[in-house]
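Hi,

Here is the structure I said I would pass on.

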Amino acid sequence: MARRQSKRFKTSNRVADETPAVRALAGRPSSSPQAWLPPEILSMIVSEVAGLSVVERQKKTTLCVLARTSRFLQAEAERKLYFNIDFRVGEPDAEAIASVLQSRAARYVRSLSIQKNGPFLRRGRSSKGTISALPFSLMTNLQFLVIHNEPAATQRSREDTNRELFRLLEQDLPHGVLTMFACSIPLHLSDLHFLWRQPNLKGLLIFHTAPAAAVPSSNSGLPSFSKLTTLEAPDMDNMVLSVMAVSKIRRLTIRNTFDFPANWFSLASHIVRLDLLTCVIPPGMLEYLVASAPRLQILLFAADSRWKPEHIAKDALETLGRLPDLMALGFTEMPLRESVADLIKNGQECKTLESVLFVYVTDSESGGIEPYQVEMTKSGSAEGGWTVAPDRPFDLLSLTLWLCAQESRITEQGA
């Protein structure tokens, strides 16, 4: 008995010498449901362990293992695991994802990508793996929503596509959570009614519009998107014009055809980045474009055979020189590589211009034509004040990277 008392006495002395925090941990029952480490430490542990996996699939597997290892790690592991959700309608894992979201993880979702939103349910499939299984009402922290369709489905008409998703979004999505929405399903303006309750929307990317979207309609029912600054769409149709009329778009991308609506001057007054790289702009249209968007900092457009004479290209540079803030210029299909580069290096028309990327075409060995890109950067130490990078085959990825670099540079300069 004396020996047992001695052990108890020693333990009591050891605990008495420790800090209050350690004494609290020592006295806490092992079955306590409360975490015995601060949330910040748990987050660091989960991030460090998950970060050991380079491949995204392996990282998700690691987070799943951590979530099953301990109730203390479960919440933090699931917070990272369900931060970005790729929900493929009808796939085997869709039902499992929906079940976890419904029970506890919906509040962790920040980015949701929905794929295969086809028109019909496959025979024998449970509704638990469909759109209706997603608990939109519980996604109180959702910020980015992207809707994809099967590649073959992009040619479907609006009537052939399941519209249940947009009805659920209008009915259940919490107010004011979204900041970005992108969709590749053919859309009508009525499909965007759920966005009327999203005043914090900053970006809207539309890849296909239904033919009915081109029919003019009144804008009286649209709310004011005071924070919407980025808009991408295939054409300057009624949907685009309606959205621009109730917002102040600063970054506009049109991918198919571009023309000037009657109220273009009022719509374009806030634009600082205009991406028309896949839209042909004839020389005569450029002057009207410059006059209507005086704040342009970045301009991209496609040229054609009408730009061949050198004096037309020189006149175009003089027209662009009227833009006091133009800092980056990109254009494609320019037929004369040397003359264009020389005009930019020797010209003094665009005094604020700092970066140029243009694409020219040349005959390939196979008998066709091949596009090459030339990137020019203003540099005081270079001959003529410009540094010209080696020509290389044109690709959209390098163009995207160039555009992102220009936006970052202009933002850093506080323009």
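**Strands around S12**

In S14, Pro393 is the bridge partner of Tyr372. Before going on: this is a predicted model, where local features need pLDDT of at least 70 and side-chain atom pairs count only at pLDDT 80 or more, while totals for chains, interfaces and linings use all residues. Residues are numbered from 1 along each chain as its sequence is written, and side-chain values use heavy atoms, with hydrogens and water left out.

Strands here are DSSP E runs of at least two residues and helices are H or I runs of at least four, numbered from the N terminus. Two strands pair if DSSP finds at least two bridges between them. S12 (residues 369-378) and S14 (residues 392-393) run antiparallel, joined by two bridges. S13 (residues 386-388) is also antiparallel to S12, with three bridges; there, Val388 is the bridge partner of Met376. S11 (residues 355-363) pairs with S12 in the antiparallel sense over nine bridges, and Thr362 stands opposite Glu370. Five residues separate S11 and S12 in their hairpin, and Gly367 in the turn has a positive phi of about 100 degrees.

**Salt bridges**

Taking a side-chain nitrogen of Lys or Arg within 4 Å of a carboxyl oxygen of Asp or Glu as a salt bridge, the count is 10. For burial, buried means under 20% relative accessible area, exposed over 50%, and partly exposed in between (1.4 Å probe, protein chains only).

- Arg79 and Glu76: the closest N and O atoms are 3.4 Å apart. They sit about one helical turn apart because they are three residues apart in helix H5 (residues 71-81). Glu76 is buried at 10%, and Arg79 is partly exposed at 38%.
- Arg104 and Glu78: N to O is 2.7 Å. This pair links distant parts of the chain, with Arg104 in helix H6 (residues 92-105) and Glu78 in helix H5, 26 residues apart. Glu78 is buried at 6%, whereas Arg104 is partly exposed at 36%.
- Arg322 and Glu287: the closest N and O atoms are 3.3 Å apart. Arg322 lies in the loop between H11 and strand S10 (328-334), and Glu287 in helix H10 (residues 283-292), 35 residues away. Arg322 is exposed at 51%.

Cheers
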